[in-house]
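Dear colleague,

I am passing a structure on to you with this email, and my notes on its backbone follow. Please keep the structure open while you read.

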Amino acid sequence: MSDSLTPTEERLFNPPADFASQAHVGSLDAYRQLHARSLEDPEGFWAEIASELTWTKPWNRVLNADNAPFYKWFEGGRTNITLNCLDRHVEAGQGGKTAILWEGEPGDTRELTYEQLLKDVCRFANVLKGLGVGKGDSVAIYLPMIPELAIALLACARIGAVHSVIFAGFSSESVKDRVLDASSKCVITADGSWRRGKELLLKNIVDEGIAGCDCVEQVLVIQRHGDREPFKHNWTAGRDHWFHDQVDGVSDECPAEDMDAEDMLFLLYTSGSTGKPKGIMHTVGGYMVYTYLTSKLTFDLKPADVYWCTADVGWITGHSYIVYGPMANAVTQVMYEGAPNHPDESRFWQIVEKYRVSVFYTAPTAIRAFMKWGDDFVTKHDLSSLRLLGTVGEPINPEAWMWYHRVIGGERCPIVDTWWQTETGGHMITPLPGAIPTKPGSATLPFPGIDAAVIDENGDEVERGLLAIRKPWPGMLRGIWGDEERFVNTYWCKWGGKYYFPGDGAIRDEDGYIWVTGRVDDVVNVSGHRIGTAELESVCVAHPAVAESAVIGVPHEIKGQGLVAFVIIRSGASGEEAAWRTELMAMVDEKIGKFARPEKIVFSADLPKTRSGKIMRRLLRDIAEDRPLGNITTLADPSIVEQIKVKYQSGS
Ligand code: WT7
C-alpha cells in the first residue's frame, strides 16, 4: 500500500548547533553510547531512570522474563503514577507552575497550576469514591478535550480504578462494545462538546450506547454547555449524576492508592486485523517510567517549555503525551478543544503565537491539510517561539516533512518523526532531536532501550521487510483484555516467541535508519486512526441487501490512507445503488463513527476470488491504484476484475 516509500532521500538535517548544545542528549556519539549501554545492561539502565521517580516501595527485580511474553517490570515496586505527575512537583515547590493552558473552541480559556490540578484530581477522585468506584473497577470515559478529561484519567489513577477512554468521535455502538468488554461500572461523560462551531450531544450517545449494559451503575456528567435547550437530557434517576452537584463540598485531598507496579493503569481499545477491537492493557510502573523518559528525551523537555500535543486524549498519543509523560516532567502545556480550521484555518498558529508554544507535536494528516490550505494562514502569525516539532501516527511523506520544516519550523526546528503504537505505550523509533541527524520520511533510530530490527519471515535481517522488536521494554502492553491467546498470537508468535511483531513493514538504509512503510496486516491507517478492514466489512454485510464485502486501504492525499468498500448485492435484492450507499454510510456512522466512512463504495456482481474462494485484495488494490493487474490466472472468474475496474473508474 504505502510501499511506494523508498529511502532515496538524500537530504540530511543535522541538529542545529545551538539546539544540540542545550539538549539532554547532544550528539550522535552520546546517543550511540546511551543506546549501546541500554542494550548491554537493560536492567541497570531502566533502574537508573526509574530511580528519578517517586516509589513508595522499591522494586525487587527490574525485569522478570520467566513467563515470557508475560513480562513484568519493576516487580515488587509500589507507587502511584499521580504522585509522579502531581504531588512530586508540588512538594518540590513547583505547585505554582502552570500545568494546563486550556482553550475551548469558542475561545473560552482556563489555566490550571500543578497545585490546582492536584486538588481538582483529588476532588474528582473523591467524587468517584463517593459513587462506589474503587481500586480495580473499570471506568469508561467519553469526554471532549476539556481539562476534566485529563483530570478524570488522573482521578481514576489516583484511586487505582482502571480507565478505559473512548474517543468522543465513536458512535453509541462502539461505546457499547467497549463498555461491555471492559465491564465498566461507571461512565464519565459531558452534556456536549464543540466541533467546528457545532454542538455535539455526548450524553445522548452514551445513553443510547449503555442502554442494556447492566454493568453500568453510575453515569457522571460534566456540564460543558449549561442548562439550556437543546441540552435537556433524559435523566435516569439513581444512575445519572451531575459532576458539579457531586463535587460540591468534597475534600480536595485524597491519598494516592498504593499500587503494585504491575497493577493495571488503563485499557485502551484499538483495531486489529480481525474481529472486535482489542482492549490493550497497560500497567502502572513500566508505563510511568517509559512515558516519563520518552517525553523528556524525544521532546527534549526543559522547565521553560510550553508544549502542545494536538492529539485527542481519546487516543494513545493523548494518554502518553498529553497526560502522563508531560505531566511526569512537570511541563506547561496547551490543551485545545476544537478543530484546526475553526473559526478559520489559522487557529493552530494563532494558539502557538498566543501561548508562545515551544514544542509542537501533531500528525502528518494535519500537516498535509495545512499545506493545502496555504502558507498565508501560517505566515501571518509569529511562530518564533517554536524550537522543536514532532509528528506521529503514520508515515510522513518527504514533501510534507519539508513543508513542516520550512514553513512551520522556519528551518531552525528539528523534527522528531516518532514511530510507536497503542501497544508500545510510548515512542520506539524516533530521532533524539539534539543528537540524531534527520532524513525527511524516516523515523531514524531506536530509542534507548529499544532493540529494533528489519527482518524477513524467517527472522533474517533484510533491507526491506518487517519491523521487529527484539527486547521487552517497560512501556509494552501487558495483554489484550480477556484474550491471552490473541495477545500471544498477534504479537509474539511470528518468530517463535522471540520478538515482538508490531504489524508494520519497514526498510533499513545503509546508515541503519528505519523507514516505516505502513501496516502489513488488514489494518488501515486513516488520518492516523487505525481501522480494521474486517470491522468495516462486518458493518457492510449487516445491510440486508449486502451479500459480501471486501474493504481495502488506498492512498489518500490528506488522510494518508482512505477506505474503499467493494460490495456484492444479494441477488434479487430490490433497491438502488444510490440509496444503498447512503444507508451504508449511515450504518458506518452508527456502528463505528464518522471517521471510518469509506471514500468510495463500489457495487459489483462478484469479487475476484481464487478457486478456493479467497478474495484477492491485492487485485482490488491494483484496481484502486490504477496499476497493471497482477497475475489473475488463479482467479475462478478472471472477467470479474475488468467489470469491477470499469465500475470503479466510472466513479460509482
Ligand atoms: C500504527 C499505530 C502512535 C500513536 C498514534 C497511532 C502507524 C504511527 C508512525 C510513524 C510511520 C506510524 C504504524 C503503527 N504509525 N506512527 N511515525 N511513522 N507509521 O497509534 O493507533 O496504535 O497506530 O500507526 O502503522 O503500527 P495506533
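Between which strand and which helix is the loop that holds proline 343 found? Proline 343 is in the loop that runs between strand E17 (332-336) and helix H12 (347-355), where helices (H or I, at least four residues) and strands (E, at least two) are DSSP runs, numbered from the N terminus. Residues are numbered from 1 along each chain as its sequence is written, and side-chain values use heavy atoms, with hydrogens and water left out. Please bear in mind that this is a predicted model, in which local features need pLDDT of at least 70 and side-chain atom pairs count only at pLDDT 80 or more, while totals for chains, interfaces and linings use all residues.

The peptide bond that leads from histidine 342 into proline 343 is cis, and its omega is near -5 degrees. A cis bond also joins alanine 68 to proline 69, with omega near 5 degrees, and proline 69 lies in the loop between strand E1 (61-64) and strand E2 (72-75).

Next come the positive phi angles. Serine 183, although it is not a glycine, has a positive phi of about 50 degrees, and this serine 183 sits in the loop between helix H7 (172-182) and strand E8 (186-190). Threonine 444, another residue other than glycine, has a positive phi near 65 degrees, and its loop is the one between strand E20 (415-418) and strand E21 (452-455).

As for accessibility, buried means under 20% relative accessible area, exposed over 50%, and partly exposed in between (1.4 Å probe, protein chains only). Serine 183 therefore counts as partly exposed, because its relative accessibility is 45%, whereas threonine 444 counts as buried because its value is 0%.
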